[in-house]
Amino acid sequence: MNDLLLNISSVNKRFGGLQALTDVRIQIARGQIYGLIGPNGAGKTTFFNVITGLYQPDTGTFELDGKPYSPSAPHAVAKAGIARTFQNIRLFGEMTALENVMVGRHVRTRQGVFGAIVRHRAARAEEAAIRARAQELLDFVGIGQFAQRTARYLSYGDQRRLEIARALATEPKLLALDEPAAGMNATEKLALRELLVKIQKAGITILLIEHDVKLMMGLCDRISVLEYGKLIAEGLPAEIQKNQAVIEAYLGGAH
Amino acid sequence: MALLTFDTAHKPRQSYASMAILLAVMLVFPFVASQFGNSWVRIIDMALLYIMLALGLNIVVGFAGLLDLGYIAFFAVGAYLTGLLASPQFAALLESVVNYSPAMGDALVALFGESIRTEGIHLSVWFIVPLAGLVAALFGALLGAPTLKLRGDYLAIVTLGFGEIIRIFMNNLNDPINFTNGPQGINLIDPIRIFGVSLAGEAGSKATVFIGGFGMPSVNAYYFLFLLLCIVTIFMTSRLQHSRLGRAWVAIREDEIAAKAMGINTRNVKLLAFSMGASFGGVAGAMFAAFQGFVSPESFSLTESIAVLAMVVLGGIGHIPGVVMGGVLLAALPEVLRHVVEPVQQSLFGKVLIEAEVLRQLLYGLAMVLIMLNRPAGLWPSPIKEDRPVAATDKEEKEESAVV
């Protein structure tokens, strides 16, 4: 665990009387697919929202790629190199698939009002690069042929893929996926799994929240388990499967 | 809409042809219309100003999805700025400053010269227009800053309040220092003068403007200026729309949280939308003041804000050709009705049954209700909203190109 990409510790988050997260820590090595599981209401999504700047934590230290980052604003987190998707898909519905991914390039590009109106050489070059890269990413996730289709008319599975392509467009070091397989059938899950492995091979570390334990066990390099906002286990998938606390809290209850 | 298309991305040849035809019609229009009286050209002059306003508001409401009910405030800022800096009003301002604090008055005289005591300031249009744009943009940011976290209804209420505050300021800012001359408004605003040619016509020319020996009525001269400004506005807003910033605006409209998560600094990008939108309003205001020669708070009521918003929504929110069409219809329709309803009644019934003013409002309202019922997305909405699978679109395009 020398090559840490994400190192987060002692995260506390309280909503009024509810302690949503208690001293949660997570360490993700570069190139891993890291799983975060737990029963409903365990605080997985809250933790996600904290590390991506959507919620402000009460305490916590955050380090990405050896440098501390402050999760004070989502756009700053995206700039630092963490991109995310949402549990209930959040696309820009009226934009085309291509435009959705082009928005993802926003944070890595810089043309302003002047460039937009005058369209000088640098602005045109940047725009062309944005477009080319967006198309490339759509092809990468396998929906290149739907580039000109309005996002909200895409099929459910393709919307999930589009969201991943949009997140990849921000050039993340860490891709954080909140239940990407939710609502998918077996075939779609298999395809998603292939896509995630492909992303991993492209050198991007993945943090994954998922309910589908079977999918997680086969896919993840390491797994953390949350229950009632506390970390109850951390380790290799095989260890997690045998862990008594986890079986009681989650696997046991589910079967 | 089948005849004219402005979809340059998909049908470039057709849309450039449409633009050329439209431009030709627009260039000939005032010479034909002025045969029937200058008032018709004047109506279109005002319509062009409204189009500029609607296009500016379209940035805020259409692109960024921020409902703004106080947009006319920026029009007012531009108009009053012109009133202050291109009329004798500054002399009145100075007088009140001298009464209030002689030292400050002396400083102003030292800064601008002795002549402002009697004549006020008369800046050239080349200063006024950029200044109006800038100051309005500043006011746009000023409105935007406190409303960053608001959306929908709440934003609408705050912007409505802002619009009213500006109007009330204009109404009352004549004491202790006389900035706006209160409810009487500012009079004798300089007409626009470009390269030494006054667009109001020189004294004794019966409002005829001569350009290189070629004379035309003053309203026609203003028509061409406003047409040019409208074209510039259309050009700028459509370029903004199809840029990195335009996409960021639409992203915020579609889903603000997702936009943030994708690295868009929503605070800056929203403020920019408010400022850019406001600057077009400011320039239109400056033109309005110079065109009318007179501004008063009455011209900037809530009704005006709503009228401009109606142009945007009714024409096709977020779609520039639609917004332009909405502007033409809603600005010209009431005036056309004003001229038409009485003669029509006279010829139908032999007498005027309903007063023109009443009937005009009635028909105007009815038209708006009918349009919104039958075309909820506006008369001419963006084509992207149609759901057409890629294969079908390709096929259609092939067929079309075969026909062409």
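In which hand do α3(B) and α7(B) cross, left-handed or right-handed? The crossing of α3(B) and α7(B) is right-handed; a crossing counts as right-handed if the near helix is turned clockwise from the far one by less than a right angle, and as left-handed if anticlockwise.

This is a predicted model, in which local features need pLDDT of at least 70 and side-chain atom pairs count only at pLDDT 80 or more, while totals for chains, interfaces and linings use all residues. Residues are numbered from 1 along each chain as its sequence is written, and chains are lettered from A and ligands numbered from 1 in the order in which they are written.

**Helix packing**

Helices (H or I, at least four residues) and strands (E, at least two) are DSSP runs, numbered from the N terminus. Axes are lines fitted to C-alpha atoms, for helices over the stretch in contact, and angles run from 0 to 180 degrees between N-to-C directions.

| Helix pair | Crossing angle | Axis separation |
|---|---|---|
| α3(B), residues 72-85, and α7(B), residues 125-144 | about 140° | 9 Å apart |
| α3(A) and α5(A), residues 121-141 | roughly 115° | within 9 Å |
| α14(B), residues 320-349, and α15(B), residues 356-374 | roughly 130° | within 9 Å |

Angles under 35 degrees count as roughly parallel, over 145 as roughly antiparallel, 65 to 115 as roughly perpendicular and the rest as oblique. At an angle of about 140°, α3(B) is therefore oblique to α7(B). Two residues are in contact if their C-beta atoms, placed from the backbone, lie within 7 Å. On the α3(B) side the contact is made by A73(B), F74(B), V77(B), G78(B), L81(B), T82(B) and L85(B), and on the α7(B) side by I128(B), L131(B), A132(B), V135(B), A136(B), F139(B) and G140(B). By class, this contact of α3(B) with α7(B) has 11 nonpolar, 3 polar and no charged residues. Here Ala, Val, Leu, Ile, Met, Phe, Trp, Tyr, Cys and Pro count as nonpolar, Asp, Glu, Lys and Arg as charged, and the others, Gly among them, as polar.

In chain A, α3(A) and α5(A) cross at roughly 115° and are therefore roughly perpendicular to each other. The crossing of α3(A) past α5(A) is right-handed. Its contact joins A97(A), L98(A), V101(A) and M102(A) of α3(A) with I130(A), R131(A), A134(A), Q135(A), L137(A) and L138(A) of α5(A). The classes in the contact of α3(A) with α5(A) are 8 nonpolar, 1 polar and 1 charged.

For α14(B) and α15(B), the angle of roughly 130° makes α14(B) oblique to α15(B). Their crossing is right-handed. In α14(B), L333(B), P334(B), L337(B), R338(B), V341(B) and E342(B) meet A356(B), L359(B), R360(B), L363(B), Y364(B) and A367(B) of α15(B). The contact of α14(B) with α15(B) comprises 9 nonpolar, no polar and 3 charged residues.

**Sheets and strand pairs**

Two strands pair if DSSP finds at least two bridges between them. In chain A, 4 strands form an open sheet in the order β2-β1-β4-β5, with antiparallel pairing. Because β2 (18-29) and β5 (67-68) of chain A stand at the edges, each with a single partner strand, one side of each is left without a neighbour in the sheet. Strand β1(A), residues 4-15, pairs with β2(A) in the antiparallel sense over 8 bridges, and I26(A) in β2(A) is the bridge partner of I8(A).

Another open sheet of chain A has 6 strands in the order β6-β7-β8-β3-β9-β10, with mixed pairing. Its edge strands are β6 (82-84) and β10 (230-235), each of which pairs on one side only. Neighbouring strands of this sheet are turned by 20° against each other on average, direction ignored. Within chain A, β3 (residues 33-37) and β8 (residues 205-209) run parallel and are joined by 4 bridges; I209(A) in β8(A) is the bridge partner of L36(A).

In chain B, 4 bridges join β5 (residues 208-211) to β6 (residues 214-217), and these strands run antiparallel. I211(B) stands opposite F214(B) in β6(B). β5(B) and β6(B) form a hairpin with 2 residues between them, and G212(B) in the turn has a positive phi of about 55°.

**Domains of chain B**

The domain assignment of chain B gives domain 1 (1-36) and domain 2 (38-300); such bounds come from an automatic or database domain assignment. The centres of domain 1 and domain 2 of chain B, taken over C-alpha atoms, are separated by 28 Å. Their contact takes 5 residues from domain 1 and 8 residues from domain 2.
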